[in-house]
Amino acid sequence: MVFAIVVCSFLYSANSIASNPESNRRVSITLGVYEVTAEKRGSQTLADGNVAETSLPEAAPVIKVNFDVLSNLQVGTYLAYSTMPHKAIPTGGVYLTSNTLFYGLAIRYDLLPLITGKDNLRFKFSTHAKVGVVSAKWTEGDGENWEESWNGPFSEYGVGLSASYFFTQWLGINIGCSAGHFYNDSSSRLSAGIVIKI
């Protein structure tokens with residue numbers, strides 16, 4: 001519900017700006033989700049008899065704000081939030097949810113103008129790089145005594161590709177994938193969202 005209100009608010013403000021053909025849309029706001037990986041939990045027996053811990057990806061809401069610094073180059077920031085589980089008792093199998101924040105800086109470059117020689121296309125194919133940190137508020141204990149603390153920050157970085165399609169001058173969708181070093185030893189991250197240019 002809150003997400004819908006935020007989207008409607010941005011759409012209203014973007015529509016009022018779109019009514020002015022002279023306005024420059026130099027800021028892009030993306031409301032979407034990140035695929036994030038929780039701590040490894042459970043076990044899986046492999047074909048060779050070894051036991052591997054497993055973890056499931058989760059979707060974390062994210063907001064990204066990018067600023068045009070050149071015609072095809074954007075720099076920006078992002079903030080995502082997750083309540084992924086973590087091991088609360090180091091020697092046991094008790095897991096509790098943690099308040100986890102993902103935040104950092106990103107740079108994006110649109111490749112299509114290099115190929116087509118045209119700017120302001122509805123379809124964009126970009127390369128990007130990001131560096132950030134993760135802070136998590138954990139609850140840990142021995143089963144009787146519990147303590148809350150902020151762990152980290154843990155560093156993240158990655159490079160990747162993304163594709164966007166704009167239905168109008170100010171509204172589009174975006175999907176992307178990155179490879180690098182991410183939270184909980186993940187080597188990749190997927191993302192998707194709605195892009196609003198203002």
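The lining of the largest cavity has 5 nonpolar, 9 polar and 4 charged residues by class, where Ala, Val, Leu, Ile, Met, Phe, Trp, Tyr, Cys and Pro count as nonpolar, Asp, Glu, Lys and Arg as charged, and the others, Gly among them, as polar. The model is predicted, so that local features need pLDDT of at least 70 and side-chain atom pairs count only at pLDDT 80 or more, while totals for chains, interfaces and linings use all residues. Residues are numbered from 1 along each chain as its sequence is written, and side-chain values use heavy atoms, with hydrogens and water left out.

**Cavity**
- On a 1 Å grid over the protein atoms alone, a cavity is a set of points where a 1.4 Å probe fits but cannot get out, and lining residues have an atom within 4 Å of a point.
- The count comes to 1 cavity of 30 Å³ or more, and the largest cavity holds about 140 Å³ of space, a volume being the space filled by probe spheres set on grid points that are joined across faces, edges and corners.
- Of the 18 residues that line the largest cavity, Tyr34, Lys64, Ala106, Arg108 and Lys130 lie nearest its centre.
- Two or more lining residues each come from strand 4, strand 5, strand 8, strand 9, strand 11 (171-182) and strand 12, strands being DSSP runs (E, at least two residues) numbered from the N terminus.

**Pocket**
- The largest pocket has a volume of about 780 Å³, a pocket being an open set of points with protein on both sides within 12 Å along at least five of seven lines.
- Its lining comprises 31 residues, with Arg25, Asp68, Asn120, Lys124 and Lys197 nearest the centre, and this lining divides into 7 nonpolar, 14 polar and 10 charged residues.

**Nonpolar core**
- Within the largest nonpolar core, which has 13 residues, Tyr34, Val36, Met84, Phe102 and Tyr183 touch the most other members; such a core is a set of buried Ala, Val, Leu, Ile, Met, Phe, Trp, Tyr and Cys residues joined through side-chain atoms within 4.5 Å.
- Strand 9 gives this core its largest share, 3 residues.

**Asparagine 72**
- Asparagine 72 sits in the loop between strand 4 (57-68) and strand 5 (73-82), and is buried, with a relative accessible area of 13% (buried means under 20%, with a 1.4 Å probe and protein chains only).
- Not counting residues up to four places away in sequence, asparagine 72 touches Arg108, Tyr109, Asp110, Pro113 and Asp119, contact meaning heavy atoms within 4.5 Å.

Notes: Helices (H or I, at least four residues) and strands (E, at least two) are DSSP runs, numbered from the N terminus. Buried means under 20% relative accessible area, exposed over 50%, partly exposed in between (1.4 Å probe, protein chains only).
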